[in-house]
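Here is my notebook from an afternoon of looking things up. Open the viewer beside it and follow along.

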Amino acid sequence: VQLQASGGGLVQAGGSLRLSCAASGSIFDINVMGWYRQAPGKQRELVTTITTGGRTIYADSVKDRLTISRDKARKMVFMQLNSLKAEDTGVYYCYGNIKFDLTDRYSDYWGQGTQVTVSS
């Protein structure tokens, strides 16, 4: 399975960022998709997730600034983060809870990550 993220880069503080991620491979079903991030010198943390049914989770640090959405047919997830702050800097990893056939269990997968740098 591949989780290919795009949309990272250098962004000014106060600006907006949109990340996209596409899952590919012999996927039977994706339960949850979302994003994690890892800031320099810190552990990877959950940013946001969305279930098949549309239930969302947001980290406290972003919940008033972030919107997650999902295209189930295309196996894609999107994230829009507004009012960017320096502390949003980090590597953003696309996440998927995926299974590969009917009898399989769901397992967690992460993409390789995309760098986001917020300049002040």
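**Entry 1: an aromatic cluster**

I began with the rings, and found that Tyr36, Tyr95 and Trp110 form one aromatic cluster. The model is a predicted one, so local features need pLDDT of at least 70 and side-chain atom pairs count only at pLDDT 80 or more, while totals for chains, interfaces and linings use all residues. Residues are numbered from 1 along each chain as its sequence is written, and side-chain values use heavy atoms, with hydrogens and water left out.

My rule for a pair was that ring centres of Phe, Tyr or Trp (its six-membered ring) lie within 6.5 Å; planes under 30 degrees apart are stacked, over 60 edge-to-face, and the rest tilted. Searching the whole structure gave me four aromatic pairs. In one of them, Tyr36 and Trp110, the ring centres are 5.6 Å apart and the planes stand at 80°, so I noted this pair as edge-to-face. It links distant parts of the chain, 74 residues apart: Tyr36 is in strand S4 (residues 29–38) and Trp110 in strand S10 (residues 107–110). Strands here are DSSP runs (E, at least two residues), numbered from the N terminus.

Next I looked up accessibility (buried is under 20% relative accessible area, exposed over 50%, partly exposed in between, with a 1.4 Å probe and protein chains only). Tyr36 has 17%, so it counts as buried. Trp110, at 36%, is partly exposed.

Then I turned to Tyr95 and Trp110: their ring centres are 5.3 Å apart and their planes at 45°, so I wrote down tilted. Tyr95 belongs to strand S9 (residues 90–99), and 15 residues separate it from Trp110 in S10. Tyr95 is buried, because its relative accessibility is 8%.

**Entry 2: the largest pocket**

Which residues line the largest pocket? I listed Val1, Gln2, Leu3, Gln4, Ala5, Tyr109, Trp110, Gly111, Gln112 and Gly113. The search used a 1 Å grid over the protein atoms alone, where a pocket is an open set of points with protein on both sides within 12 Å along at least five of seven lines, and lining residues have an atom within 4 Å of a point. Strand S1 (2–6) and S10 are the elements giving two or more residues to this lining, and S1 gives the most, with four.

**Entry 3: salt bridges**

Side chains of opposite charge can pair when their charged atoms come close. I counted a salt bridge when a side-chain nitrogen of Lys or Arg is within 4 Å of a carboxyl oxygen of Asp or Glu, and the count came to five.

How far apart are the closest N and O atoms of Glu45 and Arg37? I read 2.9 Å for this salt bridge. Glu45 is partly exposed at 36%, whereas Arg37 is buried at 5%. Arg37 also meets Asp88 in a salt bridge, at 3.0 Å from N to O. That pair links distant parts of the chain, with Arg37 in S4 and Asp88 in the loop between S8 (76–81) and S9, 51 residues apart. Both Arg37 and Asp88 are buried.

Lys63 forms a salt bridge with Asp60, with 3.7 Å between the closest N and O atoms. Here Lys63 is partly exposed at 46%, and Asp60 is exposed at 64%.

Note on methods: 1 Å grid on protein atoms, 1.4 Å probe; cavity = no way out; pocket = protein on both sides within 12 Å on 5 of 7 lines; lining within 4 Å.
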